[in-house]
Amino acid sequence: MLTNPSQALIRNSKYFHKHNVLVLNYEADTFAHQCLEFAENVTALALDFNHHLTLSSYANNKLQCYFGHQLPDSLVDTKFDTVIIYFAKAKPLMGYLLQLAAQHLRIDGQLMIVGENKGGIKSIDKLTPDYYSPPIKQDNARHCLVYVSYLTQVAPRLSISDWVSQYSLDTPQGKLQICNVVGVFSEKRLDQGTELLLLHLPNNLHGRVLDFGCGAGVITAALLKANPKLAMECIDINAMALLSCELTLAANNMHAKIYPSDGFNQITGKFDGIISNPPFHDGLTSTTDIATQFVKSSAISLAPKGVWQIVANRHLPYADTIATHFGKVNVLAENNKYKLYLHQR
């Protein structure tokens, strides 16, 4: 089943008929594969690892699928007839995607932007750089808008450093340098949940420790600041978050294993510690399914004598789920918004 934006694109397939197409920031469907009914070749870049997994099994000699913040080095100079961008839910990310698209369009190449009416796409004319022609609305269907623009001049070369903010952050473990790539949630101060977690970090951590949903790497950096001997592993589903975490650790001269994982599906073995401020959103929608699956998978992946500690919004029904899978619930600390849960085997 195609998402509404993908259905809107199919309605407008005449715009990329027989084209070599690049699809950026696509959603959890197989549009890029179905696009081959109209396009000559399709290259698809996912910023969400789950979306990449949804599509990658369809890869063939006319459909190349990648995950990351940009295409691999071997394709850095590849040009396309059309680049399609799915409007980003984090609006600041659109500037990056528009410049990335320009790196891969030939002059006079076509840019298509699709997004849901209520998702911010109506502001696209204000977001589009002047090396594109003004975007023109071509369709309004499936509660979505489709815009078309053209690359009119060579765009500035894309440099990741232009899309990264770096700042100092005081934590209970010491001062850290945090790198935040555009589109990743990371305030210039500790959010209340992470602050509560870092105030009560266990002092008996050792061995292999997992930071689930690592984001910009604040928790991992704090853990390594307190104990540089930890073998940290950082997982996230978002390419920009993984890049942020990588840059944060490099800025603090720290090292960890950083890789994408859809939930716990790409990890192996047991962990001596699992420490997290876990995500509980799927896009713009709050969901308890992520929380439930996270607790269940944590219980399976925690080693004997392991430490599991998370912070979560008070309104989320973690307690019953934790009791089901761990057998005992310990609320180590709490405030008016968050609870800190601890389980030691």
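Guide: Start with the open sheet of 7 strands, whose order is 3-2-1-4-5-7-6. Its pairing is mixed. The model is a predicted one. Two strands form the edges: strand 3 (63-67) and strand 6 (136-141). Each of them pairs on one side only. On average, neighbouring strands of this sheet are turned by 15° against each other, direction ignored.

In general, strands of a sheet pair through backbone hydrogen bonds, in a parallel or an antiparallel sense. Strand 2 (residues 41-46) pairs with strand 3 in the parallel sense. That pairing runs over 5 bridges. Val 42 has Leu 63 of strand 3 as its bridge partner.

Which residues of helix 1 are buried? They are Pro 5, Ser 6, Gln 7, Ala 8 and Leu 9. Their cover includes strand 4, strand 5, strand 6 and strand 7. Helix 2 (31-34) is also part of that cover.

For contrast, turn to a loop. Gly 327 sits between helix 10 (318-326) and strand 17 (330-334). Gly 327 has a relative accessible area of 60%, so this residue counts as exposed; the cut-off is over 50%. Its C-alpha atom is separated by 9.3 Å from that of His 343, 16 residues apart along the chain.

Conventions:
Residues are numbered from 1 along each chain as its sequence is written. This is a predicted model: local features need pLDDT of at least 70, side-chain atom pairs count only at pLDDT 80 or more; totals for chains, interfaces and linings use all residues. Side-chain values use heavy atoms; hydrogens and water are left out. Two strands pair if DSSP finds at least two bridges between them. Helices (H or I, at least four residues) and strands (E, at least two) are DSSP runs, numbered from the N terminus. Axes are lines fitted to C-alpha atoms, for helices over the stretch in contact, and angles run from 0 to 180 degrees between N-to-C directions. Buried means under 20% relative accessible area, exposed over 50%, partly exposed in between (1.4 Å probe, protein chains only). Contact means heavy atoms within 4.5 Å.
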